[in-house]
Amino acid sequence: MYAYVNNVHVTLIGGSLGFISIYIVVWLIVKSQINHDIKEINQKLSAKKNEDD
């Protein structure tokens, strides 16, 4: 509806590329955060294991 009212034409290829680009950026951010969390958890587990030894 917005596109029709404002005379904006989004092609399938342009829309798909935009979606894929945003998806990849979000995926990279989430993956980076997960990797950071995993490293932090592993460090805490290592520290805890070393305390118990």
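Glu 40 is partly exposed, at a relative accessible area of 35%. Partly exposed sits between buried, under 20% relative accessible area, and exposed, over 50%, using a 1.4 Å probe and protein chains only. This is a predicted model, where local features need pLDDT of at least 70, side-chain atom pairs count only at pLDDT 80 or more, and totals for chains, interfaces and linings use all residues. Residues are numbered from 1 along each chain as its sequence is written, and side-chain values use heavy atoms, with hydrogens and water left out.

What does Glu 40 meet in a salt bridge? The partner is the side chain of Lys 44, at 3.6 Å, N to O. A salt bridge here is a side-chain nitrogen of Lys or Arg within 4 Å of a carboxyl oxygen of Asp or Glu. The structure holds 1 of these. Lys 44 is exposed, at 56%. Both residues lie in helix H2, 4 residues apart, about one turn of the helix.

Helix H2 covers residues 12-52 and also contains Trp 27. Helices are DSSP runs of H or I, at least four residues, and strands are runs of E, at least two, numbered from the N terminus. The chain has 2 helices and 0 strands.

Trp 27 is partly exposed, at 47%. Together with Phe 19, Ile 20, Tyr 23, Ile 24 and Leu 28, Trp 27 makes a nonpolar surface patch of about 680 Å². Such patches take residues with over 30% relative accessible area and no salt bridge, joining nonpolar side chains (Val, Leu, Ile, Met, Phe, Trp, Tyr) within 5 Å and like charges within 9 Å.

Methods:
Accessible areas come from the Shrake-Rupley method with a 1.4 Å probe; for residues, only the protein chains shown count as cover.
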